[in-house]
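This report describes selected residues, ring pairs and helix packing. Please look over the sequence and the structure before reading on.

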Amino acid sequence: MSEGRLADRAYAAIVRIITDEGLAAGDRLPSEARLAETFGMSRTIVREALARLASDGITEARRGAGSYVKRRPSERLGTHLPLDALAVTLGSYEVRFVLEAEAARLAALRRSQAQLDAIEAALEALRAALFSNAPAHDEDWALHLAIVAATGNAAFAPVFDHLRDSVMQILRAGVDISRSRPPQVIGAMMEEHDAIVDAIRVRDADGAALAMRWHLSQGRKRLMP
């Protein structure tokens, strides 16, 4: 098994420790050596898994003190994707930060009026879905896809489509988890999309990229309690 796959297994196993043992934010995880012994893996693999967990906002390393829980994944997250797939699914955010922020930037620079009309239509369809009982993931995907299409670069579409399965799982989970919380959470999600489209509308390339990165970072946080 490749080191990447082993790190995925270690990632899932550490999340399972957090959830099964009821660890809360601020609780210390077992040491790298203890985790490596428990999993039957090298400390290098465990270290990679911990680094990815930290990148996803689940753990944090404290110099000389080990790793601590930063945020627990929402219990509802497990109803949308298996725990063993969590590393790969959340890892798609790292790709999306690069791909979609640049897509938003280019869309702001290059979009035609027809493409802007398509983006705005997708935005309103998402608004209607989010503020109803509809699932909203198809509408969310359609908006992001319309932004990708407005880059004027056909190479973006197949790369983005390759992420579709992971992104759709995240979109379903994100809306479901957000609807279990106060109404302003859904409102914030809509405001983030509005900010992206507003920047594209006025051809603010840097603003569009920044708004997209903010939206994605907030989306990842919404998967946590």
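A residue counts as exposed when its relative accessible area is over 50%, and as buried when that area is under 20%. The model described here is predicted.

**Two exposed loop residues**

Asp84 sits in the loop that runs between strand E2 (66–69) and H4. Its relative accessibility is 55%, so Asp84 counts as exposed. Apart from residues up to four places away in sequence, Asp84 touches Ala12 and Arg16. The C-alpha atom of Asp84 is separated by 7.4 Å from that of Asp8, although these two residues are 76 residues apart along the chain.

Phe131 also belongs to a loop, the one between helix H5 (113–130) and H6. With a relative accessible area of 54%, Phe131 is exposed. Neighbours within four places in sequence left aside, Phe131 is in contact with Ile186, Gly187 and Met190. For one of these, Ile186, the C-alpha atom is separated by 7.7 Å from that of Phe131, and the two residues are 55 residues apart along the chain.

**Aromatic pairs**

How many aromatic pairs does a search of the whole structure find? The search finds two. They are listed below.

| Pair | Centre to centre | Angle between planes | Type |
|---|---|---|---|
| Tyr93 and Phe97 | 6.3 Å | 40° | tilted |
| Trp141 and Phe160 | 4.5 Å | 5° | stacked |

Tyr93 and Phe97 are both part of helix H4 (residues 86–110), where they lie four residues apart, about one turn of the helix. Is Tyr93 buried or exposed? Tyr93 counts as buried because its relative accessibility is 3%. Phe97, with a relative accessible area of 11%, is buried as well.

The planes of Trp141 and Phe160 are at 5°, and this is why the pair counts as stacked. This pair links distant parts of the chain, since Trp141 is in helix H6 and Phe160 is in helix H7 (residues 156–162), 19 residues apart. Both Trp141 and Phe160 are buried.

Arginines lie over the faces of some aromatic rings. Arg164 lies over the face of Trp141, at 5.5 Å from the ring centre. Arg62 lies over the face of Tyr68, where the distance from the ring centre is 3.9 Å.

**His144 in helix H6**

Helix H6 (residues 137–149) contains His144. The relative accessible area of His144 is 2%, so this residue is buried. Which side chain makes a polar contact with the side chain of His144? The partner is the side chain of Glu100, at 2.5 Å. Not counting residues up to four places away in sequence, His144 touches Arg96, Glu100, Phe160, His193, Met212 and His215. Among these is Phe160, the ring partner of Trp141.

**Packing of H4 against H8**

Two packed helices are described by the angle between their axes and the distance between the axes. For H4 and helix H8 (residues 164–179), the axes come within 9 Å and cross at roughly 110°. H4 is therefore roughly perpendicular to H8.

Which residues of H4 meet H8? They are Thr89, Ser92, Tyr93 and Arg96, and on the H8 side they meet Ser166, Val167, Gln169 and Ile170.

Key: Residues are numbered from 1 along each chain as its sequence is written. This is a predicted model: local features need pLDDT of at least 70, side-chain atom pairs count only at pLDDT 80 or more; totals for chains, interfaces and linings use all residues. Side-chain values use heavy atoms; hydrogens and water are left out. Buried means under 20% relative accessible area, exposed over 50%, partly exposed in between (1.4 Å probe, protein chains only). A polar contact is a pair of N or O atoms within 3.5 Å; within protein, one must be able to donate a hydrogen and the other to accept it, and residues adjacent in sequence count only if both atoms are side-chain atoms. Contact means heavy atoms within 4.5 Å. Rings of Phe, Tyr and Trp (its six-membered ring) pair if their centres lie within 6.5 Å; planes under 30 degrees apart count as stacked, over 60 as edge-to-face and the rest as tilted. A charge sits over a ring if NZ of Lys or CZ of Arg is within 6 Å of the ring centre and within 35 degrees of the ring normal. Axes are lines fitted to C-alpha atoms, for helices over the stretch in contact, and angles run from 0 to 180 degrees between N-to-C directions. Angles under 35 degrees count as roughly parallel, over 145 as roughly antiparallel, 65 to 115 as roughly perpendicular and the rest as oblique.
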